Every structure is written in structure tokens, then in C-alpha cells.
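Please keep the structure open beside them as you go.

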Amino acid sequence: MAILPIRTYPDPVLRVRCSEIDAFDAGLRRLAGDMIETMYAAPGVGLAAPQIGVEQRLAVVDISVGKERAALKVLVNPEIVEEGGREVDTEGCLSIPDLTEKVARPTMVKVVAQDLEGSTVEIEAEDFEARAICHEVDHLNGVLFIDHLRGLRRDRVRRQLKKLGRA
Ligand code: NI
């Protein structure tokens, strides 16, 4: 396994709609392993394939950051099929360092995805984990958390990105 460099905004790979994965092979397992290692090293609670320059629908989420084995979720071709509730909380992204902002997200999501063998899995997540999953699924569609901001928050983030020389 390897720790891979994380692409940062405004890298165009972060704006790509990623492709469905149909090969459940050793290459996919290696990619997932590298992403898990990269997420833990960052450290972060989630990572999506485009963040390491791979335009495929693969994301890893672990809100325990490696402390609880059962917390790790590897999501191949994930789709949010149901959501409920709404909560505004602080969010950040490994691809937009030094910037956090309050974002509204559902407090419950149901996700249908595949595992590394290609079997269909259904996952229900709440609160912070639901937020993390929404954030990573967004990445697979080229959407960043800053895209959810409106009004004053959006203006503030634009100014910050400009100051950081990223917009
Ligand atoms: Ni992110």
C-alpha cells in the first residue's frame, strides 16, 4: 500500500463526474488500500478517488480515523437512495486545506453501494457519518462542499480562496 498525494482545489480532476466501476479485481483492491492508507495518514474521515486523481466511483469513509475497525466503509459506485433530517455543521475537505464552513446536510442517509467483490451492500448512516458519506458521494460527481454555500458564507469563502491564491 502507498500514501498518495492529495489533489487540491482548483485541480480540474475535482470537478469530474467519475465513471462507474465494473472491474472488481486486484487493481481495485490496491486502489482502495492506498486510499485507506492515504486517508489515515492525512488524517481524514473520508477520501474519494478523484482526490488522488482517479476518476472512478470509489470512496472510503471512517469517522473513527482507524480507531474502530467496523467504522471503515469502502463504497464502490455508492448511491444515496434515501435521506432524512437536516443539520448545519462545520465541514472541511482534504482537497481544500485551511478552510472550513458550515454546511447543511441530512442527518440520516441510506446508501446502496458495492463492496470490493462487487456484492451489493446497503448502509444506513446517521449524523457525522451521514455527513461524511454525503461529502464523499458529492466528490464522485465533481461537487465540493463549498458549492453548497449560499449568500454571505459563499462570499466569505470566495474571498478566502482568492487570498489563498486558489480562485
Ligand atoms: Ni472532501
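1. A residue is called buried here when its relative accessible area is under 20%. The model is a predicted one, and by that cut-off Arg 57, at 5% relative accessibility, counts as buried.

2. Arg 57 is placed in the loop that runs between strand 1 (46-48) and strand 2 (58-61), and its side chain reaches the backbone oxygen of Leu 140 at 3.1 Å. Apart from neighbours within four places in sequence, the residues in contact with Arg 57 include Arg 17, Cys 18, Ser 19, Glu 20 and Ile 21, as well as Leu 75, Pro 78, Leu 140 and Asn 141.

3. The nickel ion has as its protein donors Cys 93 (SG), His 135 (NE2) and His 139 (NE2), which lie 2.1 to 2.2 Å from the ion, and the spacing of these donor residues in sequence is C-x41-H-x3-H. Because Cys 93 belongs to strand 4 (residues 87-93) and His 135 to helix 2 (residues 127-140), the pair ties together parts that are 42 residues apart in sequence.

4. For helix 3 (residues 151-163), the 13 residues should span 18 Å at 1.5 Å a residue, and the end C-alpha atoms are 19 Å apart, which agrees. After helix 3 comes Gly 165, whose phi is positive, near 75°.

Technical notes: Residues are numbered from 1 along each chain as its sequence is written. This is a predicted model: local features need pLDDT of at least 70, side-chain atom pairs count only at pLDDT 80 or more; totals for chains, interfaces and linings use all residues. Side-chain values use heavy atoms; hydrogens and water are left out. Helices (H or I, at least four residues) and strands (E, at least two) are DSSP runs, numbered from the N terminus. Buried means under 20% relative accessible area, exposed over 50%, partly exposed in between (1.4 Å probe, protein chains only). A polar contact is a pair of N or O atoms within 3.5 Å; within protein, one must be able to donate a hydrogen and the other to accept it, and residues adjacent in sequence count only if both atoms are side-chain atoms. Contact means heavy atoms within 4.5 Å. Donors are N, O and S atoms within 2.8 Å of the metal (3.2 Å for Na, K and Ca); water is not among the atoms, so sites may look incomplete. The expected span of a helix is 1.5 Å times one less than its number of residues.
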